[in-house]
Amino acid sequence: MANVRDFQYIAEIARYGSITKAAEALYLSQPTLTKFLQRVEQEVGTPLFHRVGKRFIPTPAGEVYVEKAHSILLLNSQLDQELDDLASMRRGSVRVGTTAGRADYQVSTILPRFARRYPGVRVLLSMGHTEQLLKMIFNNELDIVLSNYDGEQPALDHEFIGEEELVLAVPRDSPLAASARKKEGFRFPVTDPEQWRDEPFVLPAVVSRSYRLAQAYFRTVGVQPRVVAEIAGIQFVITAVRVGLGVSIFTSVPLAPSDGIVYLSLGQEDVPRQRVALITRKGFYLDEAHQAFLQLLRDSYC
């Protein structure tokens with residue numbers, strides 16, 4: 001009875017049209033592969049190849065055999081992969097990279113949901129700026145990156161999943177939050193500069209993209225903010241806003257449920273925005289656990 005190896009050997013002979021080349025590709029000796037072919041042809045009761053000099057050309061029976069061999073090899077590969085997937089649900093890891101401001105939501109919300117569904121799969125979460133994360137995924141140190149992304153990298157696939165707009169972040173119990181109003185076309189309740197121009201501000205570090213966008217916006221609306229602190233890391237800016245040190249302006253990363261702050265839209269259609277993408281390596285196989293983690297990240301921007 002034929003086994004998967006038999007189908008692979010016949011398919012390789014047809015592919016190369018040569019016993020010698022097929023044997024080299026299969027890491028077999030030529031006599032071994034010749035004896036194998038003779039045995040198979042005896043078992044099926046008909047030649048599978050015409051011998052034309054040193055070339056091996058499939059007979060009609062050989063063409064049928066090779067066609068079915070390819071189908072069987074594909075099914076076997078799919079079976080192996082699916083069995084590996086099932087095994088990976090009990091063990092394995094998902095390597096995720098994101099910027100620090102987006103990490104808090106993943107740790108507080110996405111990781112617990114994922115762990116309940118796949119308790120045997122470890123999540124290895126790395127944080128860094130976009131350039132660092134892209135370098136890590138290039139070097140096969142990460143499987144998935146969540147980041148703002150503007151470029152096109154030939155070795156990477158990306159899926160834009162949402163936009164982050166420049167927003168005013170205020171404590172949940174702030175009068176600014178109470179006075180803001182819902183307005184059609186805006187994601188968050190709307191405020192305007194006259195309501196917050198005299199507030200103390202906590203800004204992201206000067207090297208951050210949010211800082212540059214905030215400064216450009218201040219110039220547009222003619223506000224000179226009273227800055228009480230500049231802090232590296234959006235997660236720490238959020239903490240400063242929550243405890244009442246000041247309000248802030250930065251791009252609207254997903255918030256953990258206990259952050260204690262709210263976002264307010266700035267009331268302009270052309271307020272600066274940045275697109276957020278899920279980034280993977282081209283050709284990287286995404287098993288069920290990876291797909292599930294990707295979907296949780298997509299849901300965070302719905």
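In what follows, Ala, Val, Leu, Ile, Met, Phe, Trp, Tyr, Cys and Pro count as nonpolar, Asp, Glu, Lys and Arg as charged, and the others, Gly among them, as polar. The model is predicted, with local features needing pLDDT of at least 70 and side-chain atom pairs pLDDT 80 or more, while totals for chains, interfaces and linings use all residues. Residues are numbered from 1 along each chain as its sequence is written, and side-chain values use heavy atoms, without hydrogens and water.

I turn to the pockets. A pocket is an open set of points on a 1 Å grid over the protein atoms alone, where a 1.4 Å probe fits, with protein on both sides within 12 Å along at least five of seven lines; lining residues have an atom within 4 Å of a point. The largest pocket holds about 760 Å³, a volume being the space filled by probe spheres set on the points. Its lining has 30 residues, and Thr99, His129, Thr130, Ser208 and Arg209 are the closest to the centre. By class, this lining comprises eleven nonpolar, 13 polar and six charged residues.

The second largest pocket has a volume of about 170 Å³. Its lining includes Ser18, Gln30, Arg51 and Phe56, and comprises three nonpolar, five polar and two charged residues.

Finally, the interior. A nonpolar core is a set of buried (under 20% relative accessible area, 1.4 Å probe, protein chains only) Ala, Val, Leu, Ile, Met, Phe, Trp, Tyr and Cys residues joined through side-chain atoms within 4.5 Å. The largest such core has 22 residues, and Leu168, Trp196 and Leu266 are among those that touch the most other members.

Technical notes:
Buried < 20%, exposed > 50% of the residue type's maximum accessible area, 1.4 Å probe, protein only.
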